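Hello,

Here is the structure I promised to hand over. Please open it first, then read the notes below.

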Amino acid sequence: MHDIRLIRDDPAAFDVIMARRGLEPVAAQILALDEERRALTTRLQEAQSRRNEASKAIGKAMGQGDTETAEALKAEVAELKKTMPDLEDQDRSVAKRLEDMMLALPNVLDPSVPDGESEEDNVYLREWGEKPNFDFDPQEHADMAPALGMDFETAARISGARFTFLRGDMARLHRALGQFMLDNNTQHHGFTECNPPLLINEEAGYGTGQLPKFGEDLFRTTDNRLLISTSEMVLGNSFREQLFAEEDFPMRLTALTPCFRSEAGSAGRDTRGFIRQHQFEKVEMIVASLPEKAEEELDRITAVAEGLLQKLGLHYRVMALCSGDMGAAMMKTYDLEVWLPGQGAYREISSCSNGGTYQPRRMNARYRPEGSKKSEYFHLLNGSGLAVGRTLVAIIENYQQADGSVIVPEVLHPYIGGVTKLEPRD
């Protein structure tokens, strides 16, 4: 959500900002609706004021015995009562059109974000570790994992495509990863663990920006609630409609939740294996930050996600997303891409972003700076720490052995009952 006063002050500058997102000029349309709405609001206020004045004048005229004036005033009030509902309807309609247009706009981009059209234009920043060497041809997880307990066929019979049924030590390893990530975030990095609802109302969906743009990617219940596509939707909305003190910041929340996505816009992408599922688990990090500390907090959550990959011994690289690959609600994003030797490619395993004031504006979440009477919007940041399923895939492909077994990283041994290796079933 944007401050319309900034668009009024410099519409040309706003169009330049949106052009970096690939949008055609929109300021003129917004300002035309804004002017129409303000004119209607003024007319409505004037009509209400006149009705109140005329109503009071009726009693005065009657008291003075001036029935002619009183009848004229009554007629005027009656006419105002007839026309005002129409003005109110017009006012609501224009206000809704303006709100819808504003809600559909993406966030501004941080000046440091590189220009580009797609992921091909993202900028390499750094990497950690080395690609593993094998004395055999490494397999993709989709080919070898079924023998280890990653059951695609049963899930397909029960639920359809893009669901997976995990069994035995594969299920234990998946659970272990989530617990390891939560413990890391809470015990070493000051995050508060949360167990939030998995269903939200539409208002919350608009609050974090999944609506209206990504409505097709969300599952809905029969009573019009939404299954979360990320716990960002609930953790972020936990700040909505609240006023905080400067001393409350930073506020850091983390949660391990199932997430649900229809993948409406990804036909044909990652149809094999465990990479792109309708149901998956993710550990999310949410940070509410003072604006002047937001860049520092972005670096911090990125470092937390990197630290998890380092403890797991997984080679990865960090990419700065370009303007054309940026999420609509974010102003700056770093992607962590893990190396998958079976695929011979890097795949995203975490995105760490600063959304600025975009989401707090939509949620009316504010803070009052110390010594100020005026409230302001804080910054809201989010990051995956990490996507559990993709981390499981990375372990399978990076720690695979020639006999089809998979070595369990040492840091996970306490979480999986001392199991050190996943063995293929006969």
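Which residue in S13 is the bridge partner of Leu243? The partner is Arg366. Bear in mind that this is a predicted model.

That bridge belongs to the pairing of S7 with strand S13 (residues 366-368), which is parallel and runs over 3 bridges. Both strands sit in an open sheet of 3 strands, ordered S7-S13-S14, with mixed pairing. Strand S7 (243-245) and strand S14 (376-377) are the edges. Each has a single partner strand, so one side of each has no neighbour in the sheet.

Next, helix H4. H4 covers residues 67-104, 38 residues in total. Its first and last C-alpha are 55 Å apart, close to the expected 56 Å. H4 bends by about 30 degrees at Thr83. A proline, Pro85, follows within four residues. The buried residues of H4 include Leu73, Leu80, Met84, Asp91 and Met102. Among the elements that cover the buried residues of H4 are helix H3 (27-63) and helix H11 (358-363).

Now the cores. The largest nonpolar core has 52 residues. Met150, Met170, Leu392 and Ile395 have the most contacts inside it. Elements giving two or more residues to this core include helix H7 (168-188), strand S9 (279-289) and helix H12 (388-398). Leaving out residues up to four places away in sequence, Ile395 touches Leu173, Leu177 and Leu412, among others. A second, separate core has 18 residues, including Ile30, Ala47, Met102 and Leu105.

Best wishes

Conventions:
Residues are numbered from 1 along each chain as its sequence is written. This is a predicted model: local features need pLDDT of at least 70, side-chain atom pairs count only at pLDDT 80 or more; totals for chains, interfaces and linings use all residues. Side-chain values use heavy atoms; hydrogens and water are left out. The expected span of a helix is 1.5 Å times one less than its number of residues. The bend at a residue is the angle between axes fitted to the seven residues ending there and the seven starting there. Buried means under 20% relative accessible area, exposed over 50%, partly exposed in between (1.4 Å probe, protein chains only). Contact means heavy atoms within 4.5 Å. Two strands pair if DSSP finds at least two bridges between them. A nonpolar core is a set of buried Ala, Val, Leu, Ile, Met, Phe, Trp, Tyr and Cys residues joined through side-chain atoms within 4.5 Å.
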